[in-house]
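Dear colleague,

Please keep the model open while you read.

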Amino acid sequence: FFYGPTAKLCPGHFRAGRHKECLKCNAGRGRWQSLVLWLATFPRRRLCQKATLNLVPTRWLGTVLELPRTAVVPHGVAGSGLSRAAESPTQPKFSFVGRLVSTKGVAALLAAAQRLKAKGHSFQLHVIGEGPERQALEASAKRGGLNGTVEFLGWVTPERIEQELAGSLAVVVPS
């Protein structure tokens, strides 16, 4: 749904029948990779059209895909440990949980963290998850002066996730 290298939302060239434009969107990956991605879209769309049920994690994605028989099944985070946040934390903790890709908005979260820190607020931000943009996001946090404020925890086991979220004032979960 997003094409590189800018990770912008697909403008819908394939569904509109503008196949040359569709090929151009992924041209940055090379001609063959762009061709493979374009060719793979034909069977993917056909299979989705014939599926008994298409599942998406958000209503937004359902409207973007425009597939028949679509149901929303949101990602879940167990909430029993979240109520243990300190009532008046000396240094509030915020947590992000998700895959580290541009569509999840971690760059925007880091920009917000930079603004908070620039205004003199003291806080912790734990980024939980892995993905292809982790190194770039870590570099962005470092350039933004967020050392000691933002901690990238990587992938966390399901058994440990509740422990990591405990004490968070807010949990940022992309939709």
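I begin with Leu 67, which lies in the loop between helix 4 (59-65) and strand 4 (70-72); helices (H or I, at least four residues) and strands (E, at least two) are DSSP runs, numbered from the N terminus. This is a predicted model, in which local features need pLDDT of at least 70 and side-chain atom pairs count only at pLDDT 80 or more, while totals for chains, interfaces and linings use all residues. Residues are numbered from 1 along each chain as its sequence is written, and side-chain values use heavy atoms, with hydrogens and water left out.

With a relative accessible area of 15%, Leu 67 is buried, a word that stands for under 20% relative accessible area, whereas exposed stands for over 50% and partly exposed for what is in between (1.4 Å probe, protein chains only). If residues up to four places away in sequence are not counted, Leu 67 touches Arg 45, Cys 48, Gln 49, Asn 54 and Gly 62, where contact means heavy atoms within 4.5 Å. The C-alpha atoms of Leu 67 and Val 56 are separated by 10.0 Å, and these two residues are 11 residues apart along the chain.

Arg 69 lies in the loop between helix 4 and strand 4, and it counts as partly exposed because its relative accessibility is 42%. Its phi is near 50 degrees, a positive value in a residue other than glycine. Most residues other than glycine have a negative phi.

Ser 168 is found in strand 8 (residues 168-172) and is buried, with a relative accessible area of 4%. Ser 168 and Pro 92 are 76 residues apart in sequence, and their C-alpha atoms are 7.1 Å apart in space.

Next comes a pair of helices. Helix 5 (residues 106-118) and helix 6 (residues 134-143) pack at an angle of about 10 degrees, with their axes 10 Å apart; the axes are lines fitted to C-alpha atoms over the stretch in contact, and angles run from 0 to 180 degrees between N-to-C directions. That angle makes helix 5 roughly parallel to helix 6, a term used for angles under 35 degrees. In this pair, Val 106, Ala 107 and Leu 110 of helix 5 meet Leu 137, Ser 140 and Ala 141 of helix 6.

For the protein chain as a whole, the secondary structure comes to seven helices and eight strands, and buried residues make up 33% of the 175 residues. Among contacts between residues at least 6 apart in sequence, 60% join residues at least 24 apart.

Definitions and conventions: Parallel < 35°, antiparallel > 145°, perpendicular 65-115°, else oblique.
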